[in-house]
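Colleague: I am new to this structure and would like a close look at a single part of it. Please start there, and then carry on to whatever else can be said residue by residue.

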Amino acid sequence: MTMPRGLAAVLGAAALSVGGMTAPAAAAVDSCVGGPGCHSSLQSAIDTAQPGATIRIAAGTYAGGVRIAKSLRLVGAGSGRTVIRGGGPVVTIDTTSSTRPTVVISDLTVTGGVAHGTDGVDAFGGGILISPGASGAIGATVTLRNVVVSDNKTVPTAVSPSPSGVKCPDGDCPYAGSRGGGIASFGTLTIERSVVTRNGAVGRASDAAGGGIYAANGALTVQSSAVIDNKGAPVGIGRFAEAGGIFTSATATTIQGSVVSGNSSELVTSWPMRPQGELLDMAAMGGGIHIADGGAVTIEDTKIVGNSILADDPAGEIYAFGSGILVDDGSRLQISRTSISRNRLVVRTATSEDVGPSGAAAEIDTSGTLNDVQITDNTSTVSTIDGQVQVAGAVATYPDNPKGLVLTRVVVRDNSAVARSRTGSARAFGGGILNNAAMDLRSVTIQGNKAAAYAPDASAQGGGIFNGPLLVDQGIELTISDSTITGNAAVTSAGGSAQGGGVYTTAPLTASGTRIARNQPDQCHGC
C-alpha cells in the first residue's frame with residue numbers, strides 16, 4: 001500500500017514502518033499532577049512522561065528541585081494558583097543527548113530556589129537553570145509563558161584562586177561566581193507575558209551577574225514581560241557586579257514591549273587600589289541591562305526605568321557605568337521607541353585617575369542606531385574625599401575601536417552628571433552626551449542637562465555634549481543635523497573652569513540646521 005505523497009510529506013519523520021506499511025507514530029500520552037488519578041509529585045510525572053507530552057499541574061504548591069531532560073509541556077492552573085517552590089535550582093532543564101529538548105512552561109510560579117552550584121564556586125540559576133549541552137554546546141529550547149519567577153537566588157559556598165591571577169593583598173584574589181538569580185540559560189530562551197522579580201545573584205562572590213536573568217550561548221527573547229526589582233550584589237570578596245536585571249552574552253538578544261525597572265547592581269567593598277603594585281579592577285555596571293560579547297541586539301517599545309548602580313569603596317579605585325543599560329563593543333544594536341529614564345548611579349571611590357569617568361544611564365560602546373528614544377531624568381554622582389574623580393553624562397560611547405552610533409529623533413533631557421571631591425579635583429564631561437567615538441545626531445533634542453564639578457580643583461566641559469578624546473584618542477567625530485541644544489549647563493564650584501554649556505569639542509564636529517541657545521555659561525566651546 002502506497003501512502004499519498006502529500007500525506008507522507010506532512011508526516012515526515014513522525015511516520016514509522018510496520019509490516020511494509022507506513023503509519024503515523026502514536027501521539028505522546030498526556031499526564032497530570034495533583035488531582036484524582038494524577039501523580040502526587042511533579043518529578044514523578046516528568047520521569048514517566050513520554051517525550052512531547054503535556055503535563056497539567058493542578059492548583060497547589062509542589063516541591064521544586066525537579067529535573068527535565070526531554071521535550072515536555074508543563075501547564076499550571078495560573079501563576080497565582082500553581083507554585084513550584086524550593087530546591088536549587090527549582091527547575092533544571094538538561095540536554096543529555098545530541099537532540100536538544102524543547103520545553104514549554106506556562107501558567108505557574110517558580111519561587112524559593114537557592115542554587116549553590118555543583119562545586120559551590122559557580123552558582124547558576126536559583127529559579128530555572130537551562131544547562132549547556134555537551135562540550136558547552138547550546139542547551140535546550142525553552143519557552144516561559146505566563147510564568148512568575150520570583151524570590152530565587154544564587155549563593156556560592158566556596159572560593160578558588162582567581163583564574164586570571166589577579167592579585168589581592170594576600171596573593172591571588174579569591175574567585176566565586178553568582179549568576180542568574182532568577183534564571184540562568186545556556187540554551188535558547190523565550191520569555192512571554194511573564195514576570196521575573198525579586199531575584200538575586202548574591203552571596204560571597206567575586207563576580208555577580210544577572211540578578212534576574214543570565215543568558216549565554218543561544219538566543220534570548222523577552223516579550224511583553226517585566227523584569228523588576230532584581231539585584232546583582234556580591235559581598236565580602238566582591239569585585240564585579242553586573243546587571244541587576246538582565247545579563248546577556250547570547251548570540252542574539254531581543255527585548256520587545258517589556259519593562260526593566262527597579263533592578264540594581266551593587267558593589268560595596270574595601271579592597272585597596274594597588275594591593276601588590278597592580279591596579280585592582282573593581283566595577284559595577286548595567287543596573288538594568290548589560291549586553292556583553294557581541295551578538296545582534298534589538299530593543300523595542302520597552303521601558304528601562306528606575307534602575308540603579310551603587311559602587312562603594314573609598315579605599316579603592318572603583319568605578320561604574322550604564323545605570324540603565326550597558327552595551328559592550330562588538331554588538332550590533334538597534335533600540336527603538338524606548339525610554340531610558342530615572343536611572344541612578346552613585347560611586348564613592350578613592351580616585352578615578354586610572355579608570356576614567358564613571359556614569360551614563362546608557363553606555364553604548366558599539367555601532368548601532370537609536371530611533372525615537374527618550375533618555376530623561378537620569379543622575380550620575382561620583383565622589384571622593386581627597387582624590388581625583390570624573391563623571392560622564394546620560395549617554396556615553398567610547399568603544400575600543402571607534403564605530404558609528406546614529407541617534408534619530410532622540411530626546412536627551414534633564415539629566416545630570418556630578419563629580420565631587422572634598423580636597424582634591426573633580427571633572428565632569430557631557431551632562432547629556434559624551435562622545436569618544438563617531439556619532440551622528442539627527443533631529444535630536446538635548447535640553448536641560450547639567451555637567452557639574454565641585455572641588456578645590458574643578459572643571460566641567462559640555463553641559464549638553466562633550467566631543468573629544470578621553471579613553472580613545474582617534475576616529476572621533478560628531479555630526480549634528482536638524483537638532484536643538486538648549487538650556488544645558490556646565491557648572492563648577494567657585495574658582496573652577498566651566499566651558500561649553502551647550503557643546504564642548506576638541507574633535508571634528510559638523511553641525512547643520514541646528515539651534516544652540518540659552519546654555520550656560522556659553523553656547524559652544526571649540527566650535
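Modeller: The part to start with is the second largest pocket, where β12 gives the largest share of the lining, 3 residues. Strands here are DSSP runs of E with at least two residues, helices are runs of H or I with at least four, and each kind is numbered from the N terminus. The model is a predicted one, in which local features need pLDDT of at least 70, side-chain atom pairs count only at pLDDT 80 or more, and totals for chains, interfaces and linings use all residues. Residues are numbered from 1 along each chain as its sequence is written, and side-chain values use heavy atoms, with hydrogens and water left out.

The lining of this second largest pocket has 15 residues, and those nearest its centre are Pro89, Gly117, Thr118, Phe124 and Leu129. A pocket is an open set of points on a 1 Å grid over the protein atoms alone, where a 1.4 Å probe fits, with protein on both sides within 12 Å along at least five of seven lines; a lining residue has an atom within 4 Å of a point. The volume of the second largest pocket is about 240 Å³, counted as the space filled by probe spheres set on points that are joined across faces, edges and corners. At least two lining residues come from each of β6 (66–68) and β12 (122–124). Sorted by class, the lining holds 6 nonpolar, 6 polar and 3 charged residues. In that sorting Ala, Val, Leu, Ile, Met, Phe, Trp, Tyr, Cys and Pro are nonpolar, Asp, Glu, Lys and Arg are charged, and the others, including Gly, are polar.

Proline 89, one of the residues nearest the pocket centre, sits in the loop that runs between β8 (82–85) and β9 (91–93). Most peptide bonds are trans, and most residues other than glycine have a negative phi. A cis bond also links glutamine 520 to proline 521, here with omega of about 5 degrees. Proline 521 belongs to the loop between β68 (515–517) and β69 (524–525).

Aspartate 301 is not a glycine, yet its phi is positive, about 50 degrees. Aspartate 301 is located in the loop between β37 (295–300) and β38 (303–305). Its relative accessible area is 41%, so aspartate 301 counts as partly exposed; buried means under 20%, exposed over 50%, and partly exposed in between, with a 1.4 Å probe and protein chains only. Alanine 360, in the loop between β45 (358–359) and β46 (362–364), has a positive phi near 80 degrees. Alanine 360 is buried because its relative accessibility is 0%.

The whole structure contains 3 disulfides, a disulfide being a pair of cysteine sulfur atoms within 2.5 Å. Counting bonded cysteines along the chain, the pairing runs 1-2, 3-4, 5-6. Cysteine 32 is linked to cysteine 38 with an S to S distance of 1.9 Å, and this link is left-handed, at -95 degrees about the S-S bond. Cysteine 32 is partly exposed at 23%, and cysteine 38 is partly exposed at 24%. In the pair of cysteine 168 and cysteine 173 the sulfur atoms are 2.0 Å apart. The torsion about the S-S bond of cysteine 168 and cysteine 173 is about 95 degrees, so this disulfide is right-handed. Cysteine 168 is buried at 2% relative accessibility, as is cysteine 173 at 0%. Cysteine 524 and cysteine 527 make a disulfide with sulfur atoms 1.3 Å apart. Cysteine 524 is partly exposed at 24%, whereas cysteine 527 is exposed at 63%.

Threonine 492 lies in strand β64, residues 489–492. At 19% relative accessibility, threonine 492 counts as buried. Beyond its neighbours within four places in sequence, threonine 492 has contacts (heavy atoms within 4.5 Å) that include Ala453, Tyr454 and Ser497.

Last comes confidence. The mean pLDDT of the chain is 92, and 94% of its residues reach 70 or more; pLDDT is the predictor's confidence in each residue, from 0 to 100. For residues 1–26 the pLDDT is below 50, and this stretch has 17 contacts in the model beyond near neighbours in sequence.
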